[in-house]
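Where do the paired side chains sit along the chain, and how exposed are they?

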Amino acid sequence: GEARVVNLDALRYSGNLDNLKDLGGHARYRFVHGDICDAALVDRIMREHRIEAVVNCAAETHVDRSIVEPGGFVRTDVVGASVLLEAARASGVRRFVQVSTDEVYGDVPAGRSKEFDPLAPRSPYAASKAAGDLLALSYFTTYGMPVLVTRGSNTFGPNQYPEKFIPLFATNAIEDQPLPLYGDGLQQRDWLYVQDHCEGIALALAKGEPGQAYNLGTGVERPNRDVAEAILGLLGKPRSLLRHVTDRPGHDRRYALDSGKIAKLGWAPRFPFDEALKATIAWYRDNAWWWRKIKSG
């Protein structure tokens, strides 16, 4: 039959029910407002809805925030993952996907990270995600629980909270505000369109091998400065809006993923970066109602 989805979200600052407007009242969708650290709630949802598969996308994700306030990251990304894993084990869940990040590999000056490379996280965010990954994989080894991990690269697209690089720069440019570029702006990132990322997670959920991690990256790298200039170009704004600001502490210069493993299962990104960026910038231009209320606090 068709899948039913229960969405558990704490709706912290970046959670936004506007993102789910089109699902309102859908027969196969349920929204539950709550915290993955709440063991009693998580247990109840597992039982009541007879959950067969868990996809853990819940995370505090913003690196800058993790530098200022690491505690919340440890709570959601480590304790929360632990609560979900325990509840899933108790109720005999058939698949558990821990959604992670390329940042667990740390700075990658050359080559591409493979899934068996050592983890070397360098920010409190990346370290708490790495801890969640290791905990999840330990449930496969210790309990034989069908756990998989996906590690995605920098994701972008519509509805992304405007503290992140692309939506922040797009919305600032629309408002003729400066674009704060860290350091020399030559940090390299592998950019992944949100639709491609979701398809990769869905494929790992359906066909991945338990106990394995799967990288999800495009192999298309761009220096941050080039992306900033492309955003200005798409919006017809002057380069003079670029401002170089003091780099953040421990800023990784480069992440790069080898995604050969998930490719063998049939995944390949479908959205070329330039096209996806154009569509994304157009979405922010056309949906100021969505982000203006966020940015005005």
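A salt bridge here is a side-chain nitrogen of Lys or Arg within 4 Å of a carboxyl oxygen of Asp or Glu. The two residues are 109 apart and link distant parts of the chain: Arg112 is in the loop between strand E4 (95-101) and helix H4 (124-143), and Glu221 is in strand E10 (residues 221-223). Helices (H or I, at least four residues) and strands (E, at least two) are DSSP runs, numbered from the N terminus. Glu221 is buried, at 19% relative accessibility.

The model is predicted; local features need pLDDT of at least 70, side-chain atom pairs count only at pLDDT 80 or more, and totals for chains, interfaces and linings use all residues. Residues are numbered from 1 along each chain as its sequence is written, and side-chain values use heavy atoms, leaving out hydrogens and water.

Side chains of opposite charge can pair when their charged atoms come close. In the whole structure, 19 salt bridges are found. One of them joins Asp252 and Arg122, at 2.4 Å from N to O. This pair also links distant parts of the chain, 130 residues apart, with Asp252 in the loop between strand E11 (242-245) and helix H8 (260-263) and Arg122 in the loop between E4 and H4. Asp252 is buried at 4%, whereas Arg122 is partly exposed at 46%.

Technical notes: Buried means under 20% relative accessible area, exposed over 50%, partly exposed in between (1.4 Å probe, protein chains only).
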